[in-house]
Amino acid sequence: PCSLTDGGSCATSPNYPNNYGDNEECTISGVPPVGLEVIGFDVEAYGCSWDYLTVNGIKYCGTSGPSGAVAEDGVIEWRSNG
């Protein structure tokens with residue numbers, strides 16, 4: 001359910017810019033090994049237990065996205081659990 005735009009160089013959560021839904025997940029593969037640029041990031045926090053973005057096994061939630069992180073394995077994962 002994640003959308004890729006700008007020739008695959010921009011990823012957005014489902015329903016962006018509106019709220020994302022419950023029980024959604026996606027995996028983005030083939031991410032180039034460059035620092036990620038985060039334009040906007042606002043994910044329900046609660047200790048990253050329910051909704052989060054994962055890069056290199058590190059979960060990101062709240063308003064602190066993975067800016068500058070390099071997806072070493074070329075994979076970014078998104079999950080919302082409601």
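The largest pocket of this predicted model has a volume of about 1100 Å³, where a pocket is, on a 1 Å grid over the protein atoms alone, an open set of points where a 1.4 Å probe fits, with protein on both sides within 12 Å along at least five of seven lines, and where a volume is the space filled by probe spheres set on the points, which are joined across faces, edges and corners. The lining of the largest pocket, made up of residues with an atom within 4 Å of a point, comprises 33 residues, of which Cys 10, Ala 11, Thr 12, Glu 37 and Gly 40 lie nearest the centre of the pocket. These lining residues divide into 20 nonpolar, ten polar and three charged, with Ala, Val, Leu, Ile, Met, Phe, Trp, Tyr, Cys and Pro counted as nonpolar, Asp, Glu, Lys and Arg as charged, and the others, Gly among them, as polar. Strands β2 (10–12), β3 and β6 each supply at least two residues of the lining, and the largest share, three residues, comes from β2.

Local features were considered at pLDDT of at least 70 and side-chain atom pairs at pLDDT 80 or more, whereas totals for chains, interfaces and linings use all residues of the predicted model. Residues are numbered from 1 along each chain as its sequence is written, and side-chain values use heavy atoms, with hydrogens and water left out.

The protein has zero helices and six strands, assigned as DSSP runs numbered from the N terminus (helices H or I, at least four residues; strands E, at least two), and follows the pattern β-β-β-β-β-β along the sequence. The radius of gyration, taken over C-alpha atoms, is 12 Å, close to the 12 Å that the globule rule (2.2 Å times the number of residues to the power 0.38) gives for 82 residues, so the protein is as compact as a globular protein of that length. Along its principal axes the C-alpha trace spans about 30 × 25 × 20 Å. Of the contacts (heavy atoms within 4.5 Å) with a separation of 6 or more, 52% are accounted for by residues 24 or more positions apart.

Buried residues (under 20% relative accessible area, against over 50% for exposed and in between for partly exposed, with a 1.4 Å probe and protein chains only) make up 32% of the 82 residues. Leaving aside neighbours within four places in sequence, Ile 76 is in contact with Cys 26, Thr 27, Ile 28, Val 31, Leu 36, Leu 53, Thr 54, Val 55 and Ala 71.

Thr 12, found in strand β2, is buried, with a relative accessible area of 19%, and, with neighbours within four places in sequence set aside, is in contact with Cys 2 and Ser 3. By contrast, Gly 7, in the loop between β1 (3–5) and β2, is exposed, with a relative accessible area of 88%; the C-alpha atoms of Gly 7 and Asp 22, 15 residues apart along the chain, are separated by 27 Å. Pro 33, which lies in the loop between β3 and β4, is likewise exposed, with a relative accessible area of 68%, and is 38 residues from Ala 71 in sequence but 6.0 Å from it in space, C-alpha to C-alpha.
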